Amino acid sequence: MDTVTPVLRDPSLYRYKGYSFLKKLMQKEFIDSLQDFKIRDDDVFMVTFPKSGTIWMQQILSLICSEGHRNGTEQIDTTERVPWIDIPLMKKDVNDDHDSRPSPRLFISHLSYIFVPQGLRNKKAKVIYVMRNPKDVMKSLYHFEAIAVHTQKSPDFAHLFEKFLAGDVLAGSWFDHVRGWYTHKDDFNILFVKYEDMIKDLRSVVKQISTFLGKELDDESLDIVVKRATFNKMQNDPLANKENLSVDFLNLQNGKFMRKGTIGDWKNIFTVAQSEAFDKIFLEKMGDLPINFTWDIAEEK
Ligand code: PPS
């Protein structure tokens, strides 16, 4: 549906083409204009459903692609090095906004596959899609709502649970997002990465990404990237952990952006009934896809 409709459980959002956009920051005309964004062959887009490891991968891409960032000589916030394509910058025209940036340009996005620039389908530019088990996404989102300025906070987890299932959260339905990107993978030059694999073996994932980007790192550089992308390191790095973000976006008095960074924290909030209900829906909606998530850190021990 191409018309704009309200998002029932969160009036700060509007629904357009099945996706839930922030009224305050994302205008549908701008989103539509992204179709014509001029892609360079060496552009790199990193796409996630919210709370799936966006700033983590943003930091990793930044470190892989910039030696200055890696050795700490480049004091630039990662959001500047790897900006959102979803939100207009200074010039408010997506081509003008990013035209003067040197290659390779790195971008982040929460958009579903239908909204990204047509040029990405040339399969030269690269897409990295990071996904995380949706129960942990929900738990992370529940806490994030306390610090997010532009979306409505759920009164309790039961409300968030319903909201999430209905797609009444930023980016719409998690199921549609993951399914959409996964089933259209052949339209793009895309690498899928799981948050849980990053937790389990960050070095291997960093290696995999640097190979995908054609930027093989020597062992020493690889070690530096991994070290600077660990939870503890990022938690103490204001250039990477959103602490420098304006109070217009995040109210960090109410909580932390870098919260726990683990697998299975959903167990501390889901009731047994919610977990079982979710498992059933997950099976119905995703059971036909060959995507296996790790739901519990103990599964790996
Ligand atoms: S957002 O708002 O959509 O951009 O959020 P996003 O960055 O996608 O997700 C935030 C969660 O990612 C965790 N995170 C990390 N986990 C492990 N290691 C590192 N280095 C790392 N960096 C970010 C962050 O803590 C959020 O997860 P939760 O479960 O809330 O802790």
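Two strands are taken to pair if DSSP finds at least two bridges between them. By that criterion, β2 and strand β3, which covers residues 19-22, are paired in the antiparallel sense, with four bridges between them. The model in which this pairing is found is a predicted one.

The pairing of β2 with β3 belongs to an open sheet of three strands, in the order β1-β2-β3 and with antiparallel pairing. The edge strands of this sheet are β1 and β3, each of which pairs on one side only. From one strand to the next, the twist averages 40 degrees. Strand β1, made of residues 4-6, is joined to β2 by three bridges, again in the antiparallel sense. Within this pair, Val-4 has Tyr-16 of β2 as its bridge partner.

Six residues lie between β1 and β2 in one hairpin. Between β2 and β3 there are two residues, and Lys-17 in that turn has a positive phi of about 50 degrees.

Strand β4, residues 44-48, runs parallel to β5 and is joined to β5 by four bridges. Across this pair, Phe-45 stands opposite Phe-107 of β5.

Arg-203 is one of the residues of helix α10. Why is Arg-203 classed as partly exposed? Its relative accessible area is 30%, and the class of partly exposed residues lies between the 20% limit for buried and the 50% limit for exposed. Leaving aside residues up to four places away in sequence, Arg-203 touches Asp-219, Leu-222, Asp-223 and Val-226. Of these contacts, Val-226 is 23 residues from Arg-203 along the chain, and the two C-alpha atoms are separated by 6.0 Å.

His-110 is located in the loop between β5 and β6. His-110 has a relative accessible area of 9% and is therefore buried, since buried means under 20%. When residues up to four places away in sequence are not counted, His-110 touches Tyr-19, Thr-48, Phe-49, Pro-50, Thr-54, Trp-84, Asp-86, Leu-170, Ala-171 and His-177.

The remaining features concern empty space. Rolling a probe the size of a water molecule over the atoms shows where empty space is left. A search of the whole structure finds one cavity of 30 Å³ or more. The volume of the largest cavity is about 50 Å³. Which residues line the largest cavity? They are Lys-51, Ser-140, His-143, Phe-144, Ile-147, Lys-256, Phe-257 and Arg-259. By class, this lining comprises three nonpolar, two polar and three charged residues.

The second largest pocket has a volume of about 190 Å³. Its lining is formed by Cys-65, Ile-76, Glu-80, Arg-81, Arg-101, Pro-102, Ser-103, Pro-104 and Leu-106. Five of these lining residues are nonpolar, one is polar and three are charged.

Conventions: Residues are numbered from 1 along each chain as its sequence is written. This is a predicted model: local features need pLDDT of at least 70, side-chain atom pairs count only at pLDDT 80 or more; totals for chains, interfaces and linings use all residues. Side-chain values use heavy atoms; hydrogens and water are left out. Buried means under 20% relative accessible area, exposed over 50%, partly exposed in between (1.4 Å probe, protein chains only). Contact means heavy atoms within 4.5 Å. On a 1 Å grid over the protein atoms alone, a cavity is a set of points where a 1.4 Å probe fits but cannot get out, and a pocket is an open set with protein on both sides within 12 Å along at least five of seven lines; lining residues have an atom within 4 Å of a point. Grid points are joined across faces, edges and corners, and a volume is the space filled by probe spheres set on the points. Ala, Val, Leu, Ile, Met, Phe, Trp, Tyr, Cys and Pro count as nonpolar, Asp, Glu, Lys and Arg as charged, and the others, Gly among them, as polar. Axes are lines fitted to C-alpha atoms, for helices over the stretch in contact, and angles run from 0 to 180 degrees between N-to-C directions.
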